[in-house]
Amino acid sequence: MKYAQGEWICFLGADDYFWDKHVLSNIAFHLKRARAEKINLVYGQIARVNNKGHIVKLAGKQWHKIKWQMPHGMPLDLPHPGLMHHHSIFKKHGVFDESFKIAGDYDLLLRELKSGKALFAKNIRTVACQIGGIADSSNMLSHMEVKRARAKNGYKHFSYPIQIPG
């Protein structure tokens, strides 16, 4: 993060890629609108794809429809790959907490979205994200980290009883 110099910062995982060569120019209007409205997060729709690039699921919905989900866990329709972060978020809240292996993005977004909001760039598919990454395959670790991020950010945590075989 110390080398990032842009006004907006986007994170892509190792197997993520921008949907097409026009993504950044297409989302520019929404970034300008967000800046004018003092919104620090802008996101579009992502395509969850298999290893052949075929769409398995589309994710991304209007903020007002999903914001209630944030205190309970990372909404699938607020996809972190392709989410544009205004640089001021990192000055205001600090960088990612590296003690999280999976939920660092969720922890950061909780810090910003306690008092802020996000802007959905409707009709813009930003990123293709391949299924099967660590967040998809490590449900127990993911659950525990989300629980810890909620507690760290002052949200009451709830957990369903889980029995581990053995």
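Is lysine 92 buried or exposed? Lysine 92 is exposed, at a relative accessible area of 53%; buried stands for under 20%, exposed for over 50%, and partly exposed for what lies in between, using a 1.4 Å probe and protein chains only. Keep in mind that this is a predicted model, where local features need pLDDT of at least 70, side-chain atom pairs count only at pLDDT 80 or more, and totals for chains, interfaces and linings use all residues. Residues are numbered from 1 along each chain as its sequence is written, and side-chain values use heavy atoms, with hydrogens and water left out.

**Salt bridges**

- The count of salt bridges comes to seven, each being a side-chain nitrogen of Lys or Arg within 4 Å of a carboxyl oxygen of Asp or Glu.
- Lysine 92 has a salt bridge with glutamate 112, at 4.0 Å from N to O. This pair ties together distant parts of the chain, since lysine 92 sits in helix H3 (residues 88-93) and glutamate 112 in helix H4 (residues 104-113), 20 residues apart.
- Glutamate 7 pairs up with arginine 35, their closest N and O atoms being 2.8 Å apart. Here too distant parts of the chain are linked: glutamate 7 is in the segment before strand S1 (8-10) and arginine 35 is in helix H1 (residues 23-36), 28 residues apart. Glutamate 7 is partly exposed at 29% relative accessibility, and arginine 35 is partly exposed at 43%.
- Aspartate 77 and lysine 61 meet through their side chains in another salt bridge (3.7 Å, N to O). Aspartate 77 is in the loop between H2 and S5, while lysine 61 is in the loop between strand S4 (55-59) and H2, 16 residues apart. Aspartate 77 counts as buried at 13%, whereas lysine 61 is partly exposed at 42%.
- Asp97, Asp107, Arg111 and Lys152 join up in a network of salt bridges.
- Helices (H or I, at least four residues) and strands (E, at least two) are DSSP runs, numbered from the N terminus.

**Two buried histidines**

- Histidine 80 lies in the loop between H2 and strand S5 (84-86), and histidine 85 is in strand S5.
- Histidine 80 is buried, with a relative accessible area of 10%, and histidine 85 is buried too, at 0%.
- Setting aside neighbours within four places in sequence, histidine 80 is in contact with Phe11, Met74, His85, Phe96, Asp105 and Leu109; contact means heavy atoms within 4.5 Å.
- With residues up to four places away left out, histidine 85 touches residues including Trp8, Phe11, Asn40, His80 and Leu109.
- The side chain of histidine 85 also reaches the backbone oxygen of leucine 83, at 3.2 Å.

**The second largest pocket**

- About 160 Å³ of space lies in this pocket.
- Among the residues that line the second largest pocket are Arg33, Trp63, His64, Lys67 and Phe120. Helix H2 (63-66) and strand S6 (118-130) are the elements that give two or more residues to the lining, and S6 gives the most, with three residues.
- The lining divides into five nonpolar, two polar and four charged residues.

Methods:
1 Å grid on protein atoms, 1.4 Å probe; cavity = no way out; pocket = protein on both sides within 12 Å on 5 of 7 lines; lining within 4 Å. Points joined across faces, edges and corners; volume = space filled by probe spheres on them. Nonpolar A, V, L, I, M, F, W, Y, C, P; charged D, E, K, R; others polar. Polar contact = N/O pair within 3.5 Å; in protein donor to acceptor, adjacent residues only side chain to side chain.
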